[in-house]
Amino acid sequence: MTTRLLLLIAGGLAALVASIAVAVTIGPADISTSDVWAAVTAHLGLGESTLPPLRDGIVWNLRMPRTLLAAVCGAGLALCGAVMQSLLRNPLADPFVLGVSSGASTGAVAVVVLGVGGGAVSLSAGAFIGALLSFGLVLMLSHSLGGSTDRVVLSGVAAMQLFSALTSFTVLTSADADTTRAVLFWLLGSLTGAGWTDVLLCAVVLAAVLLVCLGHARTLDAFAFGEEAAAALGVRVARTRLVLLCATALLTATLVSSAGAIGFVGLVLPHATRALTGSGHARLLPVTALAGAIFLVWADTAARTVIDPQEVPVGVVTSLIGVPAFVAVLHRGRRKT
């Protein structure tokens, strides 16, 4: 099993690097993989760039950070989905079950439409603050209701509906047509305008949360048998749940603040990956993260090129692909049962 895991990770990393290199070349400008290599090596100090400034800027300042952010967001959302499904023992759980995306939407709309912060607060910062407020509300509600798994899910649903209503009310009463269109595009998930700061911030948070989750891999395996069985095995259930909920909420809030709400990545990819790795989380989590990264790289590539020169929100593409994929996974599970 260790050999199989190493092969899966090595193959996944190779596929991810190849996907990024090819995805950067796809677009209106004629860019080759050799151009990508020349730009990357030059900016990393490993050689001198042979590209004209315009082509170098397209590769390094536009396409590369966007593609890398897609990979990081895909990996993070898939990782959070796998953890949430195991932690909550709910196969329909995804990174947004805690109301984080709805809170981020409200925060972003408050900044863009209402001008909260007076220009000192960016859209990403407003979305991040809104996401944390929503998660804080979920923690408070679930704790007051007893703190059990089903109470966490129900508290997340309540927070999701509350902040969705606030977002809709704000847009309908205060936004003009252009602002409404811009907000809707962001709410559906968009990597437009991705920069190196976004990539670095999201990658650092992803790495930290991945380490935390891998450190709790055996604990997540115990949660598969139920909270009582996990407690009997020596797991500190309440503490572990709080740590993992906070870690996944932090990562989700960071990703949503940079890319908007991109659905179905955290719901479908964990189910698909279990067919390759089994249910052991030491194997499941890294492979799921790689699968999510590869998936979102190509989903974003399709989003920005399929109806060029217009762009489709990447969340629309992931949903169009994710729905039939999820149905296929469900049918496969039913046949096995």
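1. Start with H4 and H7, whose crossing is right-handed in this predicted model. H4 covers residues 100–112 and H7 covers residues 177–187; the two helices pack at an angle of about 155 degrees, with axes 11 Å apart. That angle makes H4 roughly antiparallel to H7, because anything over 145 degrees counts that way.

2. Who does the touching here? From H4 you have Ala 104, Ser 105, Ala 108, Val 109 and Val 112, and across from them on H7 sit Thr 179, Val 183, Trp 186 and Leu 187. Sorted by class, this H4–H7 contact has 7 nonpolar and 2 polar residues, with no charged ones.

3. Now have a look at H3 (residues 53–87) and H11 (residues 237–259). Their axes come within 10 Å and cross at roughly 150 degrees, so this pair is roughly antiparallel too. The crossing of H3 and H11 is left-handed, whereas that of H4 and H7 is right-handed.

4. On the H3 side, colour Leu 69, Val 72, Cys 73, Gly 76, Leu 77, Leu 79, Cys 80, Val 83, Met 84 and Leu 87; on the H11 side, Arg 241, Leu 244, Leu 245, Thr 248, Leu 251, Thr 252, Leu 255, Ser 258 and Ala 259. The class count for this contact is 14 nonpolar, 4 polar and 1 charged.

5. Which residues touch the most other members of the largest nonpolar core? They are Leu 79, Leu 98, Leu 251, Val 265 and Leu 296, out of 84 residues in that core. H3 supplies the largest share, 18 residues. There is also a second, separate core of 5 residues, with Val 109, Val 171, Ala 175 and Val 183 among them.

6. Gly 76, Leu 79 and Cys 80 are on the H3 side of the H3–H11 contact.

7. Last one: is Asp 35 buried or exposed? This aspartate lies in H2 (residues 33–43) and counts as buried because its relative accessibility is 13%, and the cut-off for buried is under 20%. Leaving out neighbours within four places in sequence, Asp 35 is in contact with Asp 30, Leu 51 and Arg 55.

Note on methods: Residues numbered from 1 in each chain as written. Predicted model: local features only at pLDDT ≥ 70, side-chain atom pairs only at ≥ 80, totals over all residues. Heavy atoms only, no water. Axes fitted to C-alpha atoms, helices over the stretch in contact; angles between N-to-C directions. Helix = DSSP H or I, 4+ residues; strand = E, 2+ residues; numbered from the N terminus. Parallel < 35°, antiparallel > 145°, perpendicular 65-115°, else oblique. Left-handed = near helix turned anticlockwise from the far one by under 90°. Contact = heavy atoms within 4.5 Å. Nonpolar A, V, L, I, M, F, W, Y, C, P; charged D, E, K, R; others polar. Core = buried A, V, L, I, M, F, W, Y, C linked by side-chain atoms within 4.5 Å. Buried < 20%, exposed > 50% of the residue type's maximum accessible area, 1.4 Å probe, protein only.
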